[in-house]
Amino acid sequence: MKFAHDFLFGAATASYQIEGAKDVDGKGPTNWDEFVKIPGKTFEGTTGEVAIDHYHRYKEDIKLMAEMGLESYRFSISWARIIPDGVGAINPKGIEFYNNIIDECLKYGIVPFVTLYHWDLPLSLEKDGGWLNRKTIDAFLNYANVCFESFGDRVKHFITFNETVIFCGHGYLAGAHPPGIHNAPEKYFQATHHVFTAHAKAVIAYKKRKQYGEIGLSHVFTPAFSVDNSEDNLFAAMHANQFNLNWFYDPILKGEYPDYVMAWLETQGIQPKITEDDRESLIISAPLNDFIGLNYYQPMRVERIHTPGDVVEPTRENATGAPGNPSFDGVYRTVAMDDKRYTKWGWEISPDGFVSGLQLLKEYYGDVRIYITENGLGDEDPIIEGEVCDIPRIHFINDHLVAVKKAIEIGVNVKGYYAWSAIDLLSWLNGFKKQYGFIYVDHANGLARKKKASYYWYKKVIETRGSNLKS
């Protein structure tokens, strides 16, 4: 089977991880600019001050993407580059920069796929309570409208938010992302609700403009599976999916929260405050979502915890997604299994889990349009005789594209695949040690770009519509 011609082959990045130029041309400070100053929060104290200097080298980078044959490029906009204080005056240089990015993509026939929020919140909003403050909902809606007005004539694919579970979970449970709060589930659930409400209002506003594009949002897709068929562990998987999948997908696609989670929150006395306007926005926006974006790296293998008192001791090291940690509520733990394969960072490599998870999603939500908005291998790529030989990345992406094929064949409506990432970039917690890109960035040689083995391989995948993939 070849992928259809309306299936988009792309790759993705995020503003903080590539742009640099943190205070250039009127850009305001973000929560991450402040957070990385705290000792121990990032590997070797790395920051996004320069990142890979995409701000000054975007033409070179997009030209490389074009030479690879990318059909679409998913990138994010830095809110603080557009509206430096989060609210108030618009920065014309910020608008100009993203107009240049969009126009450069279109020059090569690359479809721009724009994420409005990929974790970098204007610092003034963070200091005013961030996603715990309802004013941030209104500020985001204003920012989204500025982007729709400025870019919507050429951008026909918008993602509102990227991975709410991560920036809220790491922000209010693990303390590993801004604002660095530990073990505050009541704040975590309130923050996620405010994000979902901001998304809903932005979707409604976008549709009123009649710009005839698509809008949705991207979630981490980490379906949970029991380690065995025991009743306790099957319950653990159900519980994990309710909290990590249904809590994040139901309000977006159904306009309501899952009863199971809401009942649990009520018993704990931590249900989020939800206004009637919030409820109405979620209900109205649910059928207006054009797609859901899935960021898939691994599934969860879970078992029930029987010994009370297991708690998360959050650190940068154990907030990286590797199995072995209990859930925040102590109901289950994630488990590394002897018969599974894992990356150097302990993430399971499971194309089969991808297919099973996509089937599960179809059962829950029907024929929703799906884009795989992230999928890729974090590794330390070897350089042999001057060539970047990232063969494990080729195998990883090959196997996951084969999984996407299988999912399409059984009726899952997948319309595109975006590898993470187009180019080596700054990892939020792991600095430049962990590489994901098709394009190597040489930090010892003036950030020189170099094509990896995977670059040439992915080019061939796109040219052949995936007919060269090995099952």
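Predicted model: local features only at pLDDT ≥ 70, side-chain atom pairs only at ≥ 80, totals over all residues.
Let's start with a pair of strands: E6 and strand E8 (residues 300–304) run parallel to each other, joined over three bridges. Here a strand is a DSSP run of E with at least two residues, a helix is a run of H or I with at least four, and both are numbered from the N terminus; two strands pair if DSSP finds at least two bridges between them.

Residues are numbered from 1 along each chain as its sequence is written, and side-chain values use heavy atoms, with hydrogens and water left out.

Now zoom out to the open sheet, whose three strands come in the order E6-E8-E9 with mixed pairing. Strand E6 (224–226) and strand E9 (332–334) sit at the edges, each pairing on one side only.

Next, the largest pocket. A pocket is an open set of points on a 1 Å grid over the protein atoms alone, where a 1.4 Å probe fits, with protein on both sides within 12 Å along at least five of seven lines; lining residues have an atom within 4 Å of a point. Its lining is made by Gly255, Glu256, Tyr257, Asp259, Met262, Arg279, Leu282 and Ile283. Helix H11 (259–268) and helix H12 (276–285) are the elements that give two or more residues to that lining, and H12 gives the most, with three.
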